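Reader: Please show the model and discuss selected local features of it.

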Amino acid sequence: MSETTASLTTAASVTSRPVIAESATPRGRRARIALRGLQILLALFYAFASALPKLIAHPSAAEGFDELGWGSAGMYTIGALELAGAIALLVPVLQSVAAMALSALMVGAFVVTITAYGGENAATPLILIVPLALIAWARRSSNTDLLRLVRRRA
């Protein structure tokens with residue numbers, strides 16, 4: 001292989017890498033910091049604004065779940081799932097899986113909002129899916145780390 005071919009092959013393999021996940025450039029560093037900030041913001045939202053009212057049985061949350069016919073068991077279950085997802089968003093090996101799981105929860109919230117509440121505030125879960133999908137994609141390399149960890153434990 002000639003030097004030109006080797007340098008082209010090396011350049012092609014470097015440009016195919018995701019910039020957000022591995023770049024040491026200032027732009028890549030800023031992107032990683034912004035992504036981590038987004039994860040922290042979403043984790044705070046899910047923990048305090050979404051899960052906490054369900055876990056402390058705030059009257060507005062209890063009323064909504066009673067209206068659905070899910071009662072307190074459904075309310076506590078959804079609250080616990082949201083809290084677990086919020087915590088997992090901050091754990092490096094779980095961050096991509098957490099974003100995917102919270103996205104699935106938001107799909108369920110969208111369906112419930114459309115069917116039970118006539119579409120009132122149906123855009124909220126869809127809006128939250130966008131940054132969650134970005135996190136799941138940008139942190140996808142953590143999935144291989146998680147899989148490697150699980151295989152090692154098995």
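Author: The side chain of Ser-96 reaches the backbone oxygen of Ala-136 at 3.0 Å, where a polar contact is a pair of N or O atoms within 3.5 Å, one able to donate a hydrogen and the other to accept it, and residues adjacent in sequence count only if both atoms are side-chain atoms. This is a predicted model: local features need pLDDT of at least 70, side-chain atom pairs count only at pLDDT 80 or more, and totals for chains, interfaces and linings use all residues. Residues are numbered from 1 along each chain as its sequence is written, and side-chain values use heavy atoms, with hydrogens and water left out.

Reader: Is Ser-96 buried or exposed, and what is its relative accessible area?

Author: Ser-96 is found in helix α6, residues 95–117; helices (H or I, at least four residues) and strands (E, at least two) are DSSP runs, numbered from the N terminus. Buried means under 20% relative accessible area, exposed over 50% and partly exposed in between, with a 1.4 Å probe and protein chains only. Ser-96 is therefore buried, its relative accessible area being 0%.

Reader: Which residues does Ser-96 touch, not counting residues up to four places away in sequence?

Author: Contact means heavy atoms within 4.5 Å. With residues up to four places away in sequence not counted, Ser-96 touches Ala-136, Arg-139, Arg-140, Ser-142 and Asn-143.

Reader: Over the ring of which residue does the charged end of Arg-140 sit?

Author: A charge sits over a ring if NZ of Lys or CZ of Arg is within 6 Å of the ring centre and within 35 degrees of the ring normal. The charged end of Arg-140 is 4.3 Å from the centre of the ring over which it sits, that of Trp-137.

Reader: How many aromatic pairs does a search of the whole structure find, and why is the pair of Phe-45 and Tyr-46 given its class?

Author: The search of the whole structure finds two aromatic pairs. Rings of Phe, Tyr and Trp (its six-membered ring) pair if their centres lie within 6.5 Å; planes under 30 degrees apart count as stacked, over 60 as edge-to-face and the rest as tilted. The centres of Phe-45 and Tyr-46 are 5.3 Å apart and their planes are at 75 degrees, so this pair is edge-to-face.

Reader: What is the angle between the planes of Phe-65 and Trp-70?

Author: Phe-65 and Trp-70 form a tilted aromatic pair, 5.9 Å centre to centre. The angle between their planes is 50 degrees.
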